[in-house]
Amino acid sequence: MPEHSISRQVPRFATIGAVGFFIDASVLTALVNGMGMGPVLSRGISFPLAVTATWYLNRTWTFKGASPLGKGPEYARYLTVQVSGAIINLGIYLLAINLRPALGQVPIIPLAIGAAIAMIFNFIACRFWVFRPDTATAGTEFENAGSDDYTGIDNLEVMAEARNYNSFLIDLIARNTSPGTQVLDFGAGAGTFAIEIARQGRLITCLEPDATLNERLAQQHLPVVTSLGQLQDATFDSVYSLNVLEHIEDDAAALHDLLRVIKPGGTLLLYVPAFQILFSSMDRKVGHFRRYRRRPLMRLVETSGYQVDTAMYVDSLGFFAALLYRFTDRGGGEINRAALAFYDRLAFPVSRLIDRIAGRLFGKNVMLLARRPAQANDQVSGSTQA
C-alpha cells in the first residue's frame, strides 16, 4: 500500500488524535488536581503540549516525508488548523443545541457530531495544506495539478467520479419528477444525470450549448438542443438545472425563459453554489459569474414568475472544505482527485446528516424547488438564447 494513501493515513491520524486527547487530558488533570493550578492556565499549557506532540507524530508517521515546508511554517499551519478545528467543534456543538434544544439533554450527540466534523476538517487541512505533498514526488494522484490542458471539462469528468454526491443529486431529481413525464436537463454537461434519469423512465431532453459536450450527449442517444429558443412553450412537466445558473450572466432572463417552456403547475429544481466568500479560482476556471445566498435566490426566482416551495443550503461540511480551498488557493482551479474521493466517500454522508440542522444557515450549495403557477397572471413568451 502506498505510504501516502488515504486508507493508510486516516487510521494513523485518528490514532494520533486519541493520543493527543490523552496527553491533553492527563496534563490538564495533573496541573489542576496535582499542582492546584487554575483550569484556564492549565489548559493553556496542556493544549500546546498536545498540539506539539500530535504535530511531531503526524509529520513523522502519518504524513511521513510528505511536506516540502520547513518545520517552522509547517508547525504554524498545523497550530492554525488545530485551533480552527476546535472552533468548528464548539460551533457545531452550540449550533446543534440551539437549533434542536432537545439535544441539550443528550449532549454526547452534538459533541460527537462536532468532533467528527472537526476531525474530518483537520485531516483534509493537514493532508492538503499542512503536510501537502511535494508535487514532484507525490505520485499519480497529483498528476493533473497545474497542467496546461486541464480545463473546465476536465473538472466535469473528475466530478463524475463523486459517487455519493452524484447519487444524492440523482435521487433529488427522481424525487421531484415522475416516470413518463417530459423533463428538461438545463445545462446537461456530459450527461452524468440525464443518462441515469432517462433510464428511470423520464422523457429527457438535454440543453447544452457546448459543442464538445453536445456531441457526447448525442452519442448517448439523448435528444439535445443548444438553446431555449428551439423549444416550444409549455413543453415540460419538470426542469432541473444543477450547477448551471451561476454560469449565465443574466440569470434573471434565463429563469424567465425557462418559465416559458414549463407547463402551468410544472416544477423547477435549481442547485447552485453558495456564498460569495467561497468564490475561488475553480469558479473562475469554469466560468462562474457568482455564487448565491438562499434568500436572495428565492427573491430572484419569485420575481421571475415562480412560486418557491422550498429552499435550503446543502453540504454544510462542504462549506468548510470550500473555505479551506479558498484560503489555500494556488490559482489553478483544479479539483484534486484524491481530495474529492476522500471527501465524497467519508465526509459527504456526514455532511448530509448535518444539513438537517444547518440547512437554513450555511452550506456549499443552495437547493431550490419552485413551480410555475397553474394560473399565470402574465403572458410568458419570447426567449433569450442560453
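Let's start just past helix α8, where H221 takes a positive phi of about 60°. Helices (H or I, at least four residues) and strands (E, at least two) are DSSP runs, numbered from the N terminus. This is a predicted model, in which local features need pLDDT of at least 70, side-chain atom pairs count only at pLDDT 80 or more, and totals for chains, interfaces and linings use all residues. Residues are numbered from 1 along each chain as its sequence is written, and side-chain values use heavy atoms, with hydrogens and water left out.

**Helix α8**

- At the start of α8 (residues 211-219), a side-chain oxygen of D210 comes to within 3.1 Å of the backbone nitrogen of T212.
- The buried residues of this helix are L213, N214 and L217, where buried means under 20% relative accessible area and exposed over 50%, with partly exposed in between (1.4 Å probe, protein chains only).
- These residues cover an arc of only 105° around the axis, which puts them on the same side of α8; the arc is that of the directions from the helix axis to the C-beta atoms.
- A211 and Q219 are exposed on the other side of α8.

**Strand β4 and its neighbours**

- Strand β4 (residues 236-242) has 6 of its 7 residues buried, so it is largely enclosed by the rest of the structure.
- β4 pairs with strand β1 (residues 182-186) in the parallel sense over 3 bridges; two strands pair if DSSP finds at least two bridges between them.
- In that pairing, D185 stands opposite Y240 in β4.
- Strand β5 (residues 262-273) runs parallel to β4 and is joined to it by 6 bridges, with L242 opposite Y271 in β5.
- Together, β4, helix α9 (residues 251-261) and β5 make a right-handed β-α-β unit: with the strands pointing away from the viewer, the path from the first strand over the helix to the second runs clockwise.

- Leaving aside residues up to four places away in sequence, Y271 touches residues including Y165, F168, L242, V314 and M367, contact meaning heavy atoms within 4.5 Å.

**N122 in helix α4**

- N122 is found in helix α4 and counts as buried at 10% relative accessibility.
- Not counting residues up to four places away in sequence, N122 touches F13, V81, Q82 and G85.

Technical notes. Polar contact = N/O pair within 3.5 Å; in protein donor to acceptor, adjacent residues only side chain to side chain.
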